[in-house]
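Look at the model below with two things in mind: where the side chains pack together, and where space is left.

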Amino acid sequence: MIIVTNNPIVKSQIPDKEIVHKDITYIEVLKECRDLVHKGYEILSHPLYGSVKPNETPYRSIIMKKGNNLDTNSLHLIEEAIVTSSKFQNNKKTPNWPNKVIEDFRVIDLDILQNTLQRIQYL
């Protein structure tokens, strides 16, 4: 299992998992996951989870696992997420939030990620 994220606090808060952290945008995280799906990975957490819109938060963390073949369900899911996120970004770009709000979005993403990990019993 790996976690693909652009959230800088994930690695320190979830040290026992393989974390792929990159300093990239929300949509670039989705594209990174799409590339991994093409390499045989499967998506375990929904790419658009939570109630924060893709153009509101700059952070996204996605749980994946290595599979044996191209998982068409994961490919369809991540492609739809990229299209949806792009529509949100085209309608209204993510604001240039103050640091306090940025920190809040990091914590929200981490909390959702930790709850998802517990639900799928990887913690």
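How do the residues of the lining of the largest pocket divide into nonpolar, polar and charged? There are five nonpolar, five polar and one charged, where Ala, Val, Leu, Ile, Met, Phe, Trp, Tyr, Cys and Pro count as nonpolar, Asp, Glu, Lys and Arg as charged, and the others, Gly among them, as polar. This is a predicted model, in which local features need pLDDT of at least 70 and side-chain atom pairs count only at pLDDT 80 or more, while totals for chains, interfaces and linings use all residues. Residues are numbered from 1 along each chain as its sequence is written, and side-chain values use heavy atoms, without hydrogens and water.

Now take the packed part. In soluble globular proteins, nonpolar side chains tend to be buried together. The largest nonpolar core here has 17 residues. Such a core is a set of buried Ala, Val, Leu, Ile, Met, Phe, Trp, Tyr and Cys residues joined through side-chain atoms within 4.5 Å; buried means under 20% relative accessible area, with a 1.4 Å probe and protein chains only. Val 4, Leu 30, Ile 62, Met 64 and Ile 78 have the most contacts inside this core. A contact is a pair of heavy atoms within 4.5 Å. Leaving aside neighbours within four places in sequence, Val 4 is in contact with residues including Val 20, Val 29, Leu 36, Ile 62 and Met 64. A second, separate core of eight residues includes Ile 3, Ile 14, Leu 110 and Leu 117.

Key
Buried < 20%, exposed > 50% of the residue type's maximum accessible area, 1.4 Å probe, protein only.
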